[in-house]
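Look at the two chains before reading on. This report walks through how they meet and how some of their parts pack.

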Amino acid sequence: MNGIHDMGGMHGMGPVEIERNEPVFHHEWERRAFALTLAAGFLGQWNIDMSRLAREQMPPAEYLGTTYYEHWLFGLERLLEEKVLVPGAELDACRRGRGVSQPVPTRPGLRVLRPPDVERALRNRRAARCDDPVPPKFKAGDGVVARNLNPVGHTRLPRYVRGRRGVVDRDHGVFIFPDTHAAGLGRKPQHVYSVRFAARELWGPEASSRDAVYVDLWDDHLEPA
Amino acid sequence: MTEHDHDHEEGSPLAETALRVRALESLLADKGLVDPATLDALIDTYETKIGPRNGATVVARAWSDPAYKARLLADATSAIAELGYIGRQGEDMVALENTPKVHNMVVCTLCSCYPWPVLGLPPVWYKSAPYRSRAVIDPRGVLRELGVELADDVEVRVWDSTAELRYLVLPERPAGTEGWSEEGLARIVTRDSMIGVATIPSQTGKPAGGAG
């Protein structure tokens, strides 16, 4: 979707300010929101692409007016309701900071992450890479054009490269395709490439002639130049 | 934005957010969907065990051992796993070498993807709208603001982490560190240099922390 999250190339957001000796978390609620999101993710009821899509549904003004872990909280609440793990009325009570005295039982059979399994779960090395023997459509050095796609669902094709010409820098192998995976439409495994876009191709003649942006894109995002 | 009108005062919407998170945790625990002790373990992992010192160890090894550096640049996932750093948000890694002629920097314009096993959780500025919007269109301006002035003949490569690949910048080894141990070198490697928004200055003294 052409949402506020797709920020590359926007102006007016202000300076980048690095906080010296920044703590990992600034508030106790950030710790809990972070861990709740991870722990709930291990229930296996949604994938990471669905998580990103859920956060992208936050209304634009609210997205800009809130911080990272508030985006996470918004996404978590949305997924809990969508996947029918928590009724909307109970989530509404939580949003108002109220407890729920008699929560309805959740469905049985869910596997809950326990402390002894945390280290193993976090060290899992399999995520989005696939073993499927899918042939690549492109190879390093090929000229490509990023497709001009404007799906209303999730996509990892940023607006700022759509319709722009680039060159395949390297083939990373076969990965799950987030654009379908987020919608529950399957993994659609395909190759991911780092595509080099010259700064001038993206931003015009005022940009540096030397500089470039490398964007990781899937076969379905690309066509031959 | 009635519920999220941030003014950062006491009793403000941030306090409301704290109540909201507490209520949600309580509800999910009551339903048996999360185990509060698991939350503690997850938080402890990223506050005390996984952070940018991991990445600094990788960089120091690459500076010290040419064969390791070659492996890191050829297959970062395996080379980083040799040092024990694997897992969530670092399942597939790519290392990018900064040189006098090429400066790499990393962003995630669409969310805030970041290589957790080697750098920990991302800092606020990396997740912020200013960095996500500007890194791709004005990398030299962002770098200048952050104190990195690049000559015109340096090529800037910005890597937008749009897929499940995570990028670690191998910064240039500064002058004055000849003969330093890996431990001494690791102490001068900063988080921001491994994102590509800082360089590491020349060293004039002995390595910090003793034996070096």
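A residue counts as buried if 20 or more other C-beta atoms lie within 10 Å of its own. Strand 4 of chain A passes this test along its length: seven of its seven residues are buried. Keep in mind that this is a predicted model.

## Strand 4 of chain A

In a regular strand the side chains alternate between the two faces of the sheet. Here, A:Ala212, A:Tyr214, A:Asp216 and A:Trp218 point one way from strand 4 of chain A. A:Val213, A:Val215 and A:Leu217 point the other way. Residues on both sides are buried.

Which strands pair with strand 4 of chain A? Within chain A, the partner is strand 3 (residues 190-198), in the antiparallel sense, over seven bridges. Across the chain boundary, strand 4 of chain A runs parallel to strand 3 (residues 155-160) of chain B, and four bridges join them.

A:Val215 shows both pairings. A:Val195 stands opposite A:Val215. A:Val215 also stands opposite B:Asp160 in strand 3 of chain B. A:Tyr214 has a bridge partner in that strand of chain B too, namely B:Trp159.

| Strand | Partner strand | Sense | Bridges |
|---|---|---|---|
| Strand 4 of chain A | Strand 3 (residues 155-160) of chain B | parallel | four bridges |
| Strand 3 (residues 190-198) of chain A | Strand 4 of chain A | antiparallel | seven bridges |
| Strand 1 of chain B | Strand 4 (residues 166-170) of chain B | parallel | five bridges |

## Where the chains meet

How many residues does each chain bring to the contact? Chain A gives 79 residues and chain B gives 71 residues. Several elements of chain A each supply at least two residues, among them helix 3 (60-64), helix 6 (118-122), strand 2 (165-175) and strand 4 (212-218). Helix 1 of chain A makes the largest share of this side, with eleven residues. By class, the residues of chain A that touch chain B divide into 44 nonpolar, 13 polar and 22 charged.

A:Cys94 gives a close-up of the contact. This residue is found in helix 5 of chain A. A:Cys94 counts as buried because it has 24 C-beta neighbours inside 10 Å. Leaving aside neighbours within four places in sequence, A:Cys94 is in contact with B:Arg20, B:Ala23, B:Leu24 and B:Leu27. Within its own chain, A:Cys94 is 17 residues from A:Glu77 in sequence. In space, their C-alpha atoms are 9.4 Å apart.

## Inside chain A

Chain A is divided into domain 1 (28-122) and domain 2 (143-224). The C-alpha centres of these two domains of chain A lie 30 Å apart. Six residues of domain 1 are in contact with five residues of domain 2. On the domain 1 side, these are two nonpolar, one polar and three charged residues.

Now turn to a helix pair. Two packed helices are described by the angle between their axes and the distance between the axes. The axes of helix 2 (residues 48-56) and helix 4 of chain A come within 8 Å and cross at roughly 110°. Helix 2 and helix 4 of chain A are therefore roughly perpendicular to each other. Helix 2 of chain A brings A:Met50, A:Ser51, A:Ala54 and A:Arg55 to the contact. The residues from helix 4 of chain A include A:Trp72, A:Phe74 and A:Leu79. By class, this contact has five nonpolar, three polar and two charged residues.

Is helix 2 of chain A enclosed or open? Seven of its nine residues are buried, so helix 2 of chain A is largely enclosed by the rest of the structure. Among the buried ones are A:Asp49, A:Leu53 and A:Glu56. The buried residues of helix 2 pack against helix 1, helix 4 and helix 7 (178-181) of chain A.

## Inside chain B

Chain B has eleven helices and four strands. The C-alpha trace of chain B spans about 55 × 35 × 35 Å along its principal axes. Of the 212 residues in chain B, 50% are buried. Take contacts in chain B between residues at least 6 apart in sequence: 68% join residues at least 24 apart.

Strand 1 (residues 93-97) of chain B is largely enclosed by the rest of the structure, because four of its five residues are buried. In its pairing with strand 4 of chain B, B:Leu96 has B:Val169 as its bridge partner.

Methods:
Residues numbered from 1 in each chain as written. Chains lettered and ligands numbered in written order. Predicted model: local features only at pLDDT ≥ 70, side-chain atom pairs only at ≥ 80, totals over all residues. Contact = placed C-beta atoms within 7 Å. Nonpolar A, V, L, I, M, F, W, Y, C, P; charged D, E, K, R; others polar. Pairing = 2+ DSSP bridges. Domains from an automatic or database assignment. Axes fitted to C-alpha atoms, helices over the stretch in contact; angles between N-to-C directions. Parallel < 35°, antiparallel > 145°, perpendicular 65-115°, else oblique. Buried ≥ 20, exposed ≤ 12 C-beta atoms within 10 Å, placed from the backbone.
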